[in-house]
Amino acid sequence: TVAFYAPYIEVAKRADYRPDAGVEQAIVATGAQHVFFIPTKYRVYHNHLEPGTRLPNAYWDYLNGVCNKHQLNCTNLTAPLTAAADQLLKTDRLVWWSDDTHWNAHGMAVAARVVAERLKGQAIPKNP
């Protein structure tokens, strides 16, 4: 049995995202050189729960737009986590804890691999 957090299901199904004015400013203010979109557990397992249906991408579309506007690198972790989840399910393993909204070791390994691949070769700013 796998549990899904109901408010996160609602978020994944939203067709639009209207952030308050401070969200974009907060993203830019971090000084990050690369931003990563972290999907919900429901988004990653959606194709197994509701086959043949598609989720909107309102949050990713917003984040990607902010990144483009401010010339930030932006990576969506949905595809790599979904691919790993699909493979691991064949052996009854998951990338999230079955009863939690956090990645387990498999999910962390996928994210770490993608982050390392994306950051390789990028200059790391020094703290002032």
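Predicted model: local features only at pLDDT ≥ 70, side-chain atom pairs only at ≥ 80, totals over all residues.
Thr75 sits in strand 2, which covers residues 73–76. Its relative accessibility is 6%, under the 20% cut-off, so Thr75 counts as buried.

Is Asn73 buried, partly exposed or exposed? Its relative accessible area is 37%, so Asn73 is partly exposed.

Beyond neighbours within four places in sequence, Asn73 is in contact with Gln33, His34, Val35, Cys67 and Gln122. Pro39 lies 34 residues from Asn73 along the chain, and the C-alpha atoms of the two are separated by 17 Å.

## Overall layout

The chain contains six helices and two strands. Their order along the sequence is α-α-β-α-α-β-α-α. The C-alpha trace spans about 45 × 30 × 25 Å along its principal axes.

The chain has 128 residues, and 31% of them count as buried. Take the contacts with a separation of 6 or more: 73% of them join residues 24 or more positions apart.

## Nonpolar cores

In soluble globular proteins, nonpolar side chains tend to be buried together. Here the largest nonpolar core has 13 residues. Val44, Tyr45, Leu77, Leu81, Ala85, Val95 and Trp96 have the most contacts inside it. At least two residues of this core come from each of helix 3 (41–49), helix 5 (78–89) and helix 6 (105–119). Helix 5 gives the largest share, four residues.

Which residues does Val44 contact, leaving aside its neighbours within four places in sequence? They are Pro39, Leu81, Thr82, Ala85, Val95 and Trp96. A second, separate core has ten residues, including Val35, Trp60, Cys67 and Cys74.

## Helix 5 against helix 6

Two packed helices are described by the angle between their axes and the distance between the axes. The axes of helix 5 and helix 6 come within 10 Å and cross at roughly 145°. This crossing of helix 5 and helix 6 is right-handed.

On the helix 5 side, the contact uses Pro80, Leu81, Ala84 and Leu88. Helix 6 brings His106, Gly107, Val110, Arg113 and Val114. By class, that gives six nonpolar, two polar and one charged residues.

## Helix 2 against helix 4

Helix 2 spans residues 22–29 and helix 4 spans residues 58–69. They pack at an angle of about 55°, with their axes 11 Å apart. That angle makes helix 2 oblique to helix 4. The crossing of helix 2 with helix 4 is right-handed.

Val23, Glu24 and Ile27 of helix 2 meet Tyr62, Leu63, Val66 and Lys69 of helix 4. How do the residues of this contact of helix 2 with helix 4 divide by class? Five are nonpolar, none is polar and two are charged.

Technical notes: Residues numbered from 1 in each chain as written. Heavy atoms only, no water. Core = buried A, V, L, I, M, F, W, Y, C linked by side-chain atoms within 4.5 Å. Buried < 20%, exposed > 50% of the residue type's maximum accessible area, 1.4 Å probe, protein only. Contact = heavy atoms within 4.5 Å. Axes fitted to C-alpha atoms, helices over the stretch in contact; angles between N-to-C directions. Left-handed = near helix turned anticlockwise from the far one by under 90°. Nonpolar A, V, L, I, M, F, W, Y, C, P; charged D, E, K, R; others polar. Parallel < 35°, antiparallel > 145°, perpendicular 65-115°, else oblique.
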